[in-house]
Amino acid sequence: VDVPREAGEQAIDRLLHAEGPRLMIPGPCEVEPHVLRALGRQVPAHYGEAWTACFEEVLGRLQDLLGAARTYLLPGSGSSAVETMLVNLFCPGDRVLVPDTGYFGRRIAAMARAHGMRVRTLPVAPGRPVPVADVSAAIGDAHGVALVHVETSTGVRHPVAEIAGIAAAAGRLCAVDAVASAGGELLDVSAMQLDAVATSPQKGIGAVPGVGIIGLGHRAHQQVTAGAGHIPAWYQSLAVWDRARIDCDGWEPHPVTMPTNVVLALAAALRHTQGQGLEDRVEQRRQLARYCRDRLARLGFAPRQAARDAANLVVVVRHERAAQVRQALLARSSIAVAGGLAPFADGDTLRVGLLGRNATREAVDTLLDAVASTLR
Ligand SMILES: *Cc1c(COP(=O)(O)O)cnc(C)c1O
C-alpha cells in the first residue's frame, strides 16, 4: 500500500488524539473505562509473584467462562488461537471435517490444509446452520470436526453441542472457533462435550485484541500432554506452555513475554463479565440482538438467517441500499458498521456488532435512528 509520509503522520495524530467513529462492527469493540485504564498504566513486567497470581486468576476465570479443564493465553489474534488449537488436536495427514459455514469456516479449512491435514469440506447452505445429519454420516471417516460456533459472515449460531455429541459418541474430536461467541452465547466445553475452543478478548468478552485464548477439555488436554514434543512447532505447542507454567515456581508462568497491559485489560473485563453472571449476560445479549434485528426489519432489512439460528453478538441483514447506508452512517453519524463477507460478500449486506461498551439499548437506538434518517 502506497501512503505518502505526510498522510501517515497525520493519520497517526488523528488516531492518537481525535475521537474515532463509534464502533458497531463485529470486532474489535470499544471497551468500558475500567478496561481502558489497564492500557493507560505503565507497563508491568511479565514475571514475579504478583504477576503470576494475576495471570493464574485470569486463566481460572477463563476456565469458568468456557467450562474448560485447562486454559491458555498466547500473544496473537483470535486466528492465532484457532490455528494453535488445530495443530494441537490434529496431526499432518489427519482427516478433518470442516463445515463450510462461510468466511471463518473457510479460514479453518485453509489453516488445516496449511498444516498438511486432509480437509473434508461439508457444504452448508448460506445463512443456514450446519446440517447435523451430514456430520453424523461423515464423522466416522475423519479424525474429528473443526467448525465455527458463530459464523460472523452470516450471523448464524451453529449447533456445536449437537455436533460435539456426535463426535464424542464416535470417539472423534471436536474443535470450535468461538471467537464471535464466547462471552455472549451459551458455551461450555465440558457440558457440551467439546474438546477445544479458541477465542479472543476483543469480541464477546469486551476487552482488547492482542492475545489468543484456548480452552481444552480433559480428553484434549490428555492428548496434549501425551503428545508433548511431537507437534511440529514450539511456540504453538501447548505442551510447551504447560511445561513453563508447571516449572516456573510461581515466577513466570509462560514461555515468552506477555502483552501485560492487554492481559490486565482482559482481567478487568472478565471481572465485570462474571460479576454479572454468565447466563444473565447471554440472555441480555440475546434480547438486545433480537431488538436490533426487529427494528432493522421494520426498516426493510431482512435477516440473513432464521430467528432461531440468529447470533447474539452480530446481526447480519440484507437491504439493497446497505452499502449506501453504511457510508452515510459513517459520514453523517460517525457510526461504523461492517459490510458483507463471503458467502454474502456483496453490497447488500450489513453486519452490526453488539459488543463491548456499545452493546446497549441506547447505542442500538442511536444506530437505528441514524439508519432511519439515512433512508428518508
Ligand atoms: C473475528 C473472528 C476471527 C478472527 O479473529 P482475529 O482476532 O481477527 O484473528 C475468527 N473467527 C471468527 C468467528 C471471528 O468472528
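Angles under 35 degrees count as roughly parallel, over 145 as roughly antiparallel, 65 to 115 as roughly perpendicular and the rest as oblique. The model discussed here is predicted.

**Helices H3 and H10**

Helix H3 (residues 49-66) packs on helix H10 (residues 260-276) at an angle of about 45°. Their axes lie 10 Å apart. That angle makes H3 oblique to H10. The crossing of H3 past H10 is left-handed. H3 contributes Trp51, Cys54, Phe55, Val58, Arg61, Leu62, Asp64 and Leu65 to the contact. From H10 come Thr260, Val263, Leu264, Leu266, Ala267, Leu270, Arg271, Thr273 and Gln274. By class, this contact of H3 with H10 holds eleven nonpolar, three polar and three charged residues.

**Helix H8**

Which residues of H8 (residues 218-226) are buried? They are Ala220, His221 and Val224. Seen down the axis of H8, the buried residues fall within an arc of 100°, so they line one face of the helix. His218, Gln222 and Ala226 are exposed on the other side of H8. The buried residues of H8 pack against these elements:

| Element | Residues |
|---|---|
| Strand E2 | 70-76 |
| Helix H4 | 78-89 |
| Strand E10 | 210-216 |
| Helix H9 | 238-247 |

**Arg22**

Arg22 sits in strand E1 (residues 22-23). Its relative accessibility is 31%, so Arg22 counts as partly exposed. Leaving aside neighbours within four places in sequence, Arg22 is in contact with Glu30, Ser334, Ile335, Ala336, Asn358, Ala363 and Thr366. Arg22 and Arg357 are 335 residues apart in sequence, yet 9.9 Å apart in space, C-alpha to C-alpha.

Definitions and conventions. Residues numbered from 1 in each chain as written. Predicted model: local features only at pLDDT ≥ 70, side-chain atom pairs only at ≥ 80, totals over all residues. Heavy atoms only, no water. Helix = DSSP H or I, 4+ residues; strand = E, 2+ residues; numbered from the N terminus. Buried < 20%, exposed > 50% of the residue type's maximum accessible area, 1.4 Å probe, protein only. Contact = heavy atoms within 4.5 Å. Axes fitted to C-alpha atoms, helices over the stretch in contact; angles between N-to-C directions. Left-handed = near helix turned anticlockwise from the far one by under 90°. Nonpolar A, V, L, I, M, F, W, Y, C, P; charged D, E, K, R; others polar. Arc of directions from axis to C-beta.
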